[in-house]
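Okay, hi everyone, let me put this one up on the screen. Have a look at it for a moment, and then I'll walk you through some parts of it.

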Amino acid sequence: MSAHPQKLGMHASMVAPETGAALAPGISTAKPLAAILDVLHRGERFLVCSHTHPDGDAVGSMLALGMVIEQMGKAAHLVTADRVPIQYWQLPGADAIHTMPRIRGRYDAAILLECDSLERTRLRGLEELFLVNIDHHITGVEFAHLNWIDHHAASVGEMVYQLARAAGVAITPQMAQCLYTTILTDTGGFCYGNVCESTFALARELVEAGADPIAVARQVYFSAPISKLLLLGAALRRLKREGCVAWLWVTHQDTQRACATEEDCEGIVNVALGMAGVDTGVFLRELPDGVIRVSLRSKGRLNVAAIAARLGGGGHQNAAGCTLEGPLPRALKEILAELRGDL
Ligand SMILES: [Mn+2]
């Protein structure tokens, strides 16, 4: 992959939604990073949120941004609607992330990390706040008052790192550990197409700043509960392949039998992608209400984000997802028809 000539400011702008808080006077609309810094300098209390079912990037970037804000002498409250997955509990400050359905209290701004809408947070009470959107998804949406979307960033954590540098705060070992986690997990262990020279340069800087890559890898990749492996077993019994596409699925009953949680589904799709000759992997999961959650991965040029977007979802070129109506065979037929059309 070639170097990115213009890392900052791409597809970024500031918009004023018709409803919502008024823009703070005097904030420049041209440079979103500078505008975000301006918001941080002017305010005292900030809310930092991310999406439902937070992943390594969501958790790591929230924690690191909280540290940046605190180093600036301000208060940061970290909130998600779903709990932090167990493999991220060891991250510095992870116990400061509160899980709650509704925001209360006054904040100078709410900073939403990798969300394409307010709904992605599943948090109520954000509507009244000044909203800052920091995202790196190719399907990113400028829904907030201030939007910084850079789909060349390997993780939102990489953008938080840029923010930290621009703010002039020290990259502490704790911050480095959180940011390294965002890079490792969002690149699938430096495997996905979003990896480029600068990804390794950043990883090196973070390790130099005190991140422990071995501890992070052990927590992320070598600490699975047995429920996760039992669910993987159920999925693998149904592994199917057609040309360069492989798929597997689990029913709600499989999930119950394995005593598995939503978190235990993480990464199952990558097993399908591990097969020789396969460049697109699909994992379907039946939710308790019969709705089907679909995860798509590609290791080739196929843009699974475009496929997911056609079905109402989104994501990255090599990693995307969508939600389809059940039952499972119907959803499988729909996603395979969409994939066959693109191959
Ligand atoms: Mn991400």
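**The open sheet and its helix**

So, there is an open sheet of 6 strands here, with mixed pairing and the order β7-β8-β9-β10-β12-β11. Strands pair if DSSP finds at least two bridges between them; helices (H or I, at least four residues) and strands (E, at least two) are DSSP runs, numbered from the N terminus. Quick caveat: this is a predicted model, where local features need pLDDT of at least 70, side-chain atom pairs count only at pLDDT 80 or more, and totals for chains, interfaces and linings use all residues. Residues are numbered from 1 along each chain as its sequence is written.

At the edges sit β7 (240-242) and β11 (314-315), each pairing on one side only. β7 runs antiparallel to β8 (residues 245-250), over 3 bridges, and Glu242 has Val245 in β8 as its bridge partner. Helix α7 (residues 226-236) packs on this sheet and touches β8 and β9 (280-286). Contact means C-beta atoms, placed from the backbone, within 7 Å.

Now over to α1, residues 32-42. Which residues of α1 are buried? Pro32, Ala35, Ile36, Val39 and Leu40, where buried means 20 or more other C-beta atoms within 10 Å of the residue's own, all placed from the backbone. They're on the same side of α1 because they cover an arc of only 145° around the axis, going by the directions from the helix axis to the C-beta atoms. Those buried residues pack against α2 (56-71), β4 (109-113), β5 (131-135), β6 (146-149) and α3 (156-167).

How values were computed
A residue is buried if 20 or more other C-beta atoms lie within 10 Å of its own, exposed if 12 or fewer, and partly exposed in between; C-beta atoms are placed from the backbone. Two residues are in contact if their C-beta atoms, placed from the backbone, lie within 7 Å. Axes are lines fitted to C-alpha atoms, for helices over the stretch in contact, and angles run from 0 to 180 degrees between N-to-C directions.
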